[in-house]
Amino acid sequence: MPAVEPPTESPPRWGPPARERVDLQALVAGVQRDMQALLERQNVTLHVRLCENASVIYGDGATLRQIVLNALAAALRLSTGPTLRLEITATPQETRWEIQADAQGRAPVTAASDQHPELDLCAALLQPYGGQITWAESPTGFSLRFTLPTLRPPKVVVVDDDQDTLALYERYLRRAGLDLQIASDSARLWALLEEGYPDLIVLDVLMPHEDGWMVLQRLQTLPETAEIPVIVCSVLAQPSLALTLGARQVLLKPISESALLQAVMQVLGWADSEHAPPQ
């Protein structure tokens with residue numbers, strides 16, 4: 001099964017893949033709308049089978065959309081039959097996409113050639129995900145396949161000794177599709193860090209025993225935790241101190257859902273509202 005290699009001349013510089021929550025049904029529906037006029041012009045029907053276990057994937061929604069659009073465009077251009085079939089299945093490790101098309105009477109497809117720019121773009125877009133696009137040929141047609149790893153949602157640890165505040169943050173952040181862990185004091189935070197490092201810590205200041213300033217300084221002095229971004233959220237309006245001690249952002253309580261999610265998205269690298277998690 002030949003693989004399509006990313007272009008070697010002036011390859012696009014794609015950054016690390018984002019991990020926003022992408023609804024596969026909505027993604028596929030959008031792709032079908034975009035392709036509809038082209039499909040009708042060529043009298044081709046697109047049949048989609050989305051398996052029940054394939055519902056959500058984490059990645060950059062715009063990138064995933066372009067991968068699917070370009071793969072379908074390539075298959076449509078090379079097909080000679082009246083139908084294209086797209087099947088999407090999922091395992092805990094990856095999401096598998098397969099496009100089947102008829103191409104009877106057409107010369108064998110050389111997917112890696114420079115005659116298929118859509119596939120070159122797919123290969124380049126898949127590269128940051130560790131994905132690969134491949135072809136499998138048959139006497140009557142071909143199938144085009146690619147996989148995407150099932151990236152986990154970003155993990156966020158919230159540290160606050162007020163149970164009502166924790167409940168509020170939990171509702172806000174879980175609704176945004178984040179993997180959330182709760183710590184009611186610094187001892188619980190350090191225990192959680194022994195199990196694995198989060199992508200972000202939301203930290204209160206006024207806590208007993210070891211307050212937020214002490215926690216922030218300790219996080220910064222340990223090599224294994226120094227790179228974990230921290231958002232300080234407190235009734236204490238001391239942003240200069242928090243930023244000097246290493247915080248990425250400072251929020252003043254009481255905090256609204258929109259303000260909290262905006263800060264979290266910025267720190268996690270979700271640059272714009274179009275790619276934000278659902279609210």
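Which residues are exposed on the other side of α5? They are A187, E194 and E195, where exposed means over 50% relative accessible area, buried under 20% and partly exposed in between, with a 1.4 Å probe and protein chains only. This is a predicted model, in which local features need pLDDT of at least 70 and side-chain atom pairs count only at pLDDT 80 or more, while totals for chains, interfaces and linings use all residues. Residues are numbered from 1 along each chain as its sequence is written, and side-chain values use heavy atoms, with hydrogens and water left out.

Helix α5 spans residues 186-195, and its buried residues are S186, L189, W190, L192 and L193. Viewed down the axis of α5, these buried residues fall within an arc of 160°, so they line one face of the helix; the arc is taken from the directions between the helix axis and the C-beta atoms. Helices (H or I, at least four residues) and strands (E, at least two) are DSSP runs numbered from the N terminus. The buried residues of α5 pack against β8 (155-159), β9 (179-183), β10 (200-203) and α6 (212-221), contact meaning heavy atoms within 4.5 Å.

Two helix pairs may be considered next. Helix α1 (residues 24-41) and helix α2 (residues 61-78) pack at an angle of about 35°, with their axes 10 Å apart. The axes are lines fitted to C-alpha atoms, for helices over the stretch in contact, and angles run from 0 to 180 degrees between N-to-C directions. From α1, residues including L27, V31, M35 and L38 take part in the contact, and from α2, residues including L64, V68, L72 and L76. By class, the contact of α1 with α2 has eleven nonpolar, two polar and two charged residues.

The axes of helix α4 (residues 163-175) and helix α8 (residues 257-268) come within 10 Å and cross at roughly 55°. That makes α4 oblique to α8, given that angles under 35 degrees count as roughly parallel, over 145 as roughly antiparallel, 65 to 115 as roughly perpendicular and the rest as oblique. In this contact, Y169, Y172, L173 and R175 of α4 meet E257, L260, L261 and V264 of α8.

Strand β5 (residues 94-102) contains T95, which counts as buried at 2% relative accessibility. Leaving aside residues up to four places away in sequence, T95 touches L24, I57, I88, T89, A90, F146, T147, L148 and T150. T150 also lies 9.6 Å from Y129, C-alpha to C-alpha, the two being 21 residues apart in sequence. Y129 is found in the loop between α3 (117-126) and β6 (133-137), and at 8% relative accessibility Y129 counts as buried.

Technical notes
Nonpolar A, V, L, I, M, F, W, Y, C, P; charged D, E, K, R; others polar.
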